[in-house]
Amino acid sequence: MRLYSTLSRRLEELPEQPGPIRMYFCGPTVYQRAHIGNARPFVLGMWLRAWLRQRGYDATLVHNITDINDKIYDAAPGRSAELAAQATAWYLEDTDDLGLGMPDGLPKATESVPSIVRFISQLVDSGHAYPVEGDVYFRVGSDPGYGRLSRQRPDQVEEQEPNPLKEDPRDFALWKANKPGEDTAWDSPWGKGRPGWHIECSVMAEDAFGPVFEIHGGGLDLVFPHHENELAQSLAVGHAFARLWMHNGMIGGMDGEKMSKSLGNDVSLRNVLDTWGREVVLLFFLGAHWRKPVEFGDDVLVQARAQADAFRNFFLDERPGDEAGEAILEEELAAVLDEDFNTPEALALFHAWRDREEWASLRWGLALFGLGSLTEVEQAPSEVSALAERRREARDGKDFSEADRLRDEIAAAGWEVRDVAEPPGYRLVRQA
Ligand SMILES: [Zn+2]
């Protein structure tokens, strides 16, 4: 299997099965409810793990929770820990509702501070970092290859975190002295304070996997400075860190006024799930290549819902024969997914399987992406079935106005009655 890596700017072959394939995907900074864009690396990581396991890999996904960060202090002065705990609970609840399962590890920065302090001490002792009045900065000039990930020349790197006391404007903070208004702080050799964002991820990744692992993921907006700095920190202490860097494209169209009639201005994952349902959200992501930006809005959600309906309707039809005897066409799916995990091609293949009536393969393929629910025919509750049975009797007795009234009553309960040739002469379909 091959995946595109930002570091090498080309497709990289994964190791032979069973690997291991250890994946660290940067998770949310928890200061508000996650928006639909935050869900993309989560969905990508969970799908990739499922596919790698299907292909015989020992695949593990770790997805961190950044619960110490300037954004949290700014959003809730004096009660940042409370907000971080609440927003963490929201994130776990909302991503769980996607129905893809959960990552193997969800480390929190607040639980990793002793390891972070040890790592920073190593950087200071080896001359890659220096303390200044309670802060500690990484000495970018000590890394001749700095800029390797974002492809910036080391002598032309953008300034980070302005502070006149730094040796070099490019240097970035590993540890920040406690400031008024920051309600959380930890002890360190440099005084009370808290870690910088980049060192949190270097340490959480290495605590999970050790000094080298296969894949690091996250949004394209994290390449610089976040991932550039993570890599520099770990290389500075002699660790190889991640071999392959996956950066998903950003979700666009979310900053305009009233970007969506259906959602108002609330593009939280929660609101999108509640308004459109998890299957529509997953089909929206499935239809876009993970590396490409994608525009979000009502029109793409309407398209995704039409696809969900197409699959659901297919499975409502009578089977021509015994599905159990059908071969699973795994190699057809592998041809598109093993080449840079091309999910839009996989989605096109699922529609082709629908046309070819490959029931078993389609059921299997959709389930891999958390869409098995589209293949399950939901049974109507008994009171709706009873209405449908009365409607059939009314039709048999040519009482069409009573039959129409019962159809409306069934619709009001959220079901559609369809007349079919096979007994009992109708089928009940849950309305989207
Ligand atoms: Zn990170």
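**The zinc site**

Author: In this predicted model, the zinc ion is coordinated by Cys-26 through SG, Cys-201 through SG and His-226 through NE2, at 2.1 Å.

Reader: How are the donor residues of the zinc ion spaced in sequence?

Author: The general idea is to set the donors against the sequence, and here the donor residues of the zinc ion follow the pattern C-x174-C-x24-H. Cys-201 belongs to helix H5 and His-226 to helix H6, so this pair ties together parts that lie 25 residues apart in sequence.

Reader: Are Cys-201 and His-226 buried or exposed?

Author: Both Cys-201 and His-226 are buried, a word that is used for residues with under 20% relative accessible area.

Reader: How many residues of each class are in the lining of the largest pocket?

Author: Sorted by class, the lining of the largest pocket holds 16 nonpolar, 16 polar and 8 charged residues.

Reader: Let us turn to one residue. Where is Thr-6 placed, and why is Thr-6 called buried?

Author: Thr-6 is placed in the loop between strand E1 (2–5) and strand E2 (10–13). Thr-6 is called buried because its relative accessible area is 10%, and the cut-off for that word is under 20%. When neighbours within four places in sequence are left aside, Thr-6 is in contact with Leu-149, Val-223, Trp-245 and His-247.

Reader: And what share of the residues in the chain is buried?

Author: Of the 432 residues in the chain, 53% are buried, and the chain contains 14 helices and 14 strands. Among its contacts between residues at least 6 apart in sequence, 74% join residues at least 24 apart. The C-alpha trace spans about 90 × 50 × 35 Å along its principal axes, while the accessible surface of the chain comes to about 18800 Å², of which 49% belongs to carbon and sulfur atoms.

Methods. Residues are numbered from 1 along each chain as its sequence is written. This is a predicted model: local features need pLDDT of at least 70, side-chain atom pairs count only at pLDDT 80 or more; totals for chains, interfaces and linings use all residues. Side-chain values use heavy atoms; hydrogens and water are left out. Ala, Val, Leu, Ile, Met, Phe, Trp, Tyr, Cys and Pro count as nonpolar, Asp, Glu, Lys and Arg as charged, and the others, Gly among them, as polar. Helices (H or I, at least four residues) and strands (E, at least two) are DSSP runs, numbered from the N terminus. Buried means under 20% relative accessible area, exposed over 50%, partly exposed in between (1.4 Å probe, protein chains only). Contact means heavy atoms within 4.5 Å. Accessible areas come from the Shrake-Rupley method with a 1.4 Å probe; for residues, only the protein chains shown count as cover. Donors are N, O and S atoms within 2.8 Å of the metal (3.2 Å for Na, K and Ca); water is not among the atoms, so sites may look incomplete.
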